[in-house]
Amino acid sequence: MVATVIILRKTGSGPTTSNITSINTRANTTDIHSTADTTAPIQIPTDTGTKRSFWVVTRLQCTVAPASLIDNVEWYSDGSNTFGTGVACKGNTGTSYTQATGTTGDTGLQLTTGNYTSLTTDPVNVFTFTSAAPKVVAGSTSGTGEFADSFIYQTEVTSDASPGATAQETWTWRFDET
Amino acid sequence: MVYWIACYKNGSSIKQDESQNYDNLDRNNLEAFILMFEDKPVLTIWLDNKQLIWRLRREIKPGLGEIRVHLVGWREQVGGQVQQTLFYIFEQYDNEKETFPIIHVSGKFDRERNRFMNEPKFREFEVFPGEIYYLNRKVKRMMFDDNLGVEREVEETIQEPHIK
């Protein structure tokens, strides 16, 4: 039987896990998964500063085990930022979970290796991770449960951004199964 | 969906998910490896003592769905060089109904040509002497928990490269 693998978003102190395999999730300034929340937007800075979303922690979970193994896990974007002018997205893998914090409705704490200590290296522009050059996500599984490293990302907004919801981007998880 | 049947030289066969998984196939006595779709063979590989390779390659895009590709083929040594012949069987769907798959054939791993053509992490039985393969090992290690502010033990599976 083919393994059942879902994509989780992890939030809160628990943490709470939300299955986002078949839906979108919004990167805004609250540590709660939603598909369309508008009550906690990222503010557009009026100066040269940067406002950020709360970081978004995503990870794979196997709910039906593979016959043998899942490995060769990778993560990538489509390589093209269509969020719009003044909106960037940075991310990287991490080996454990750290709850996102910040000022709800304003800005999130910056995603750095200092603030998220298990981040493998400081976050980079996620659009550099493409199908031809994906981010390798360490880890594998032969059973059920969460597996492999998490991918954590954060949206950044500068003063030249436009108000309103951005266009939607799609991130891809890829892996091999036997 | 596409699935495989392994056929042995003694006439017996094993269907995917029955009794033995891919890792446990008796490769010394394997004669053919068949990819099936709706109970009909799509591709039959006669192994002739070549090294079988198979993976179900899965790509999940949240909110958009999943693409499944069966990487199947063989690897062999010819004149001291490793050569391989690889088939990529793309499962196809028309709305919810699965339709006949599309097959690509290639001789090398080349993800720039096609994003599904990246190299897998080889098992020991798929490589020849001097090549790298991966072993999986469960390890426990201490990790600092940012939320609790303490170190705690976590168990994870790591893959270690080895040279055959």
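This is a predicted model: local features need pLDDT of at least 70, side-chain atom pairs count only at pLDDT 80 or more; totals for chains, interfaces and linings use all residues.
Into which domains is chain B divided?

View 1. Domain 1 of chain B spans residues 2-120, and domain 2 of chain B spans residues 126-164. A distance of 27 Å separates the C-alpha centres of domain 1 and domain 2 of chain B.

**View 2. The contact between chain A and chain B.** On chain A, 35 residues are in contact with 29 residues of chain B. Strand 1 (4-11), strand 5 (70-76) and strand 12 (172-177) of chain A each contribute at least two residues to the side of chain A that touches chain B. Strand 12 of chain A provides the largest share of that side, six residues. By residue class, the side of chain A that touches chain B comprises 12 nonpolar, 19 polar and four charged residues.

**View 3. Strand pairing between the chains.** Five bridges join strand 12 of chain A to strand 5 (residues 51-61) of chain B in the antiparallel sense. Within this view, R174(A) is placed opposite E59(B), a residue of strand 5 of chain B.

**View 4. An open sheet of four strands in chain B.** The strand order is 2-1-3-4, and the pairing is antiparallel. Strand 2 (13-15) and strand 4 (40-46) of chain B each have a single partner strand and stand at the edges, so one side of each lacks a neighbour in the sheet. On average, neighbouring strands of this sheet are turned by 20 degrees against each other, direction ignored.

**View 5. Strand 1 and strand 2 of chain B.** Strand 1 (residues 2-8) of chain B pairs with strand 2 of chain B over three bridges, in the antiparallel sense. Opposite I5(B) stands K15(B), which belongs to strand 2 of chain B.

Technical notes. Residues are numbered from 1 along each chain as its sequence is written. Chains are lettered from A and ligands numbered from 1 in the order in which they are written. Two residues are in contact if their C-beta atoms, placed from the backbone, lie within 7 Å. Ala, Val, Leu, Ile, Met, Phe, Trp, Tyr, Cys and Pro count as nonpolar, Asp, Glu, Lys and Arg as charged, and the others, Gly among them, as polar. Two strands pair if DSSP finds at least two bridges between them. Domain bounds come from an automatic or database domain assignment. Axes are lines fitted to C-alpha atoms, for helices over the stretch in contact, and angles run from 0 to 180 degrees between N-to-C directions.
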